[in-house]
Amino acid sequence: MNKTDRLLAIVLELQRKEVVRAEDLATRFETSVRTIYRDIQALSEAGVPIIGAPGTGYSLMEGYFLPPISFTVQEAVSLLMGTDFIEQRFDDDYRVRAQAARGKIEVILPESVRNETSRVRKAIRLLISDKQVTPSKEKEYLEKIRRAILDDRKISFHYVKKLAVFDGNRHSVRTVSPYGLVLVQESWMLVARCELRQDIRHFRLSRMTEFIALEERFERPTHFNLREYTPPDDRHLRVRLRFNQDIADKVKESNNHYIEDMEEHQDGLHVVLRVRQLDELLRWVLGWGADVIVLEPESFRNRIREEAQKMLKRY
């Protein structure tokens, strides 16, 4: 990054944050603290109102705002592809806003950049299959949950778990404090503190019904940051499978999120998975028919055998 680009980037960084330390800027732009000091001085001499406090950092004088900046073709394509994604995967409110944002971006682009951006976008397409389209009911919940998160309000819903708990029941009513939304494996997940479990839990929007936005507010923990949040890994059961070589490519493309490792061997594709319960893999493994063999654990081999025998009796 040359000096001119770095000076502009420093101003943008100061606009995004209230206070920024020289050490953080040096790390961000991979240069020395001394160079940052010289850059700040150059910006001040150019008329940028930067305030510096010893031991605290730098900030922009309140009310200062950098005028609109021109985009490169690559930057414009990135922004416009982002609006395409939001339009397809978010709720109706954000779909409209994404369309408006796309129009504004296209208007401010110079004609040469706009033409080149259009040419590039014609060669790149964000395609979502019918199976990946968010159902209207889920989009409705997505918008309501998003508003509850911003308003710090609790929500309640009827939830159906994928697998039954110890008492054989899959259904429950949950009241939660919503912390954030995450798109995982093409499915929207809510990260929230559950009053029933007294801990942070994850809920698929597709398994919710009877959604109610409550008036009761909650206080978000100051230490919680969704971008830094890592859910505890409680998948303690290890499963090893061997697939016939002729379907190895299909297995790799299946994108099963339980897969931990894959290795090509002469006798086929060896796959290692980790799960919480063996039943989480039952239907997936059965779906491969005779092209897969369970190597371990023995209990899962027996479970597959029992299910296959039940199937055989039906025919």
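Contact here means heavy atoms within 4.5 Å. This is a predicted model, so to speak: local features need pLDDT of at least 70, side-chain atom pairs count only at pLDDT 80 or more, and totals for chains, interfaces and linings use all residues. Residues are numbered from 1 along each chain as its sequence is written, and side-chain values use heavy atoms, with hydrogens and water left out.

**View A. Where H9 meets H10.** On the H9 side, Asp-279, Leu-281, Leu-282, Val-285 and Leu-286 touch Phe-300, Arg-303, Ile-304 and Glu-307 of H10. Sorted by type, the contact residues come out as six nonpolar, no polar and three charged (nonpolar: Ala, Val, Leu, Ile, Met, Phe, Trp, Tyr, Cys and Pro; charged: Asp, Glu, Lys and Arg; polar: the others, Gly among them).

**View B. How H9 and H10 cross.** Helix H9 (residues 279–286) packs on helix H10 (residues 298–313) at about 55°, with the axes 11 Å apart. Axes are lines fitted to C-alpha atoms, for helices over the stretch in contact, and angles run from 0 to 180 degrees between N-to-C directions. The pair is therefore oblique, the class left after under 35 degrees (roughly parallel), over 145 (roughly antiparallel) and 65 to 115 (roughly perpendicular).

**View C. The five-stranded sheet.** This open sheet runs E6-E5-E4-E3-E7, with antiparallel pairing (two strands pair if DSSP finds at least two bridges between them). Strands E6 (199–204) and E7 (208–217) sit at the edges. Strands (E, at least two residues) and helices (H or I, at least four) are DSSP runs, numbered from the N terminus.

**View D. Ser-156 and its partner.** Ser-156 bridges to Ile-212 in E7.
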